[in-house]
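Please keep the sequence and the model side by side while you read.

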Amino acid sequence: MRKRNIAILFRLNRKEAEALDKRVKKSGLSREAYLRQLINGLVPRNAPPPDYYSMMRELHRIGNNLNQIVQKAHVLNVIDVQRYDQEVRKFRQAVEQITAAVVLPERADQRTADQRECQKWQ
């Protein structure tokens, strides 16, 4: 059984439908997912550039390698654990910030008036 079992039909004129389709295409989401985000007070972001995912995979590989290195160094007691942990936290925070800035939708009420005005013209 579907989680979402209520269908809603509404009508748009050609200009509205084209504007919706243009925004949906930019976001990389389906129409349904795009509209659900709007209903939930989120503003969908444009889809990230194609190389974003390859860059993030590489960053995750680097993080994984760092973890493997520190595990071995910790066993051999040849590393400044506190400094390493601090740097790994910075790395993880940077990955989260990049993801939030590029992929995750933002709350509609957190946008500034300037951002809303710019969005109208895109």
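The residue Q37 has its place in helix α2, where helices (H or I, at least four residues) and strands (E, at least two) are DSSP runs, numbered from the N terminus. With a relative accessible area of 18%, Q37 is buried, a word that here means under 20% relative accessible area, while exposed means over 50% and partly exposed anything in between (1.4 Å probe, protein chains only). If residues up to four places away in sequence are not counted, Q37 touches L29, L42, P44 and P105, and such a contact means heavy atoms within 4.5 Å.

Before going further, please note that this is a predicted model, in which local features need pLDDT of at least 70 and side-chain atom pairs count only at pLDDT 80 or more, whereas totals for chains, interfaces and linings use all residues. Residues are numbered from 1 along each chain as its sequence is written, and side-chain values use heavy atoms, with hydrogens and water left out.

Seen as a whole, the protein has five helices and two strands, and from the N terminus on these elements follow the order α-α-β-α-α-β-α. The protein has 122 residues, of which 15% count as buried. Among the contacts in the protein with a separation of 6 or more, 58% are accounted for by residues 24 or more positions apart.

Helix α1 covers residues 14-27, and its 14 residues reach 20 Å from the first C-alpha to the last, close to the 20 Å expected at 1.5 Å a residue; the expected span is 1.5 Å times one less than the number of residues in the helix. Which residues of α1 are buried? They are L20, V24 and S27. These residues cover an arc of only 60° around the axis, which puts them on the same side of α1, the arc being that of the directions from the helix axis to the C-beta atoms. The face of α1 turned away from this buried side carries the exposed residues R14, K15, E18 and K25.

Just after α1, G28 takes a positive phi of about 80°.

What covers the buried residues of α1 includes α2, residues 31-39. The two helices α1 and α2 pack at an angle of about 95°, with their axes 9 Å apart; axes are lines fitted to C-alpha atoms, for helices over the stretch in contact, and angles run from 0 to 180 degrees between N-to-C directions. Helices α1 and α2 are therefore roughly perpendicular to each other, since angles under 35 degrees count as roughly parallel, over 145 as roughly antiparallel, 65 to 115 as roughly perpendicular and the rest as oblique. Where they meet, L20, D21, R23, V24 and S27 in α1 are in contact with R31, Y34 and L35 in α2.

One of these residues, S27, deserves a separate look. At 8% relative accessibility, S27 counts as buried, and its side chain reaches the backbone nitrogen of L29 at 3.1 Å. Leaving aside neighbours within four places in sequence, S27 is in contact with Y34, P44, R45, N46 and A47.

In α3, the residues Y52, M56, G63, V70 and A73 are buried, and the buried residues of α3 pack against α4, residues 81-102. For G63 the relative accessible area is 11%, so G63 is buried. The C-alpha atoms of G63 and R92 are separated by 8.0 Å, although these residues are 29 residues apart along the chain. Just after α3, N77 takes a positive phi of about 55°.

How values were computed. Polar contact = N/O pair within 3.5 Å; in protein donor to acceptor, adjacent residues only side chain to side chain.
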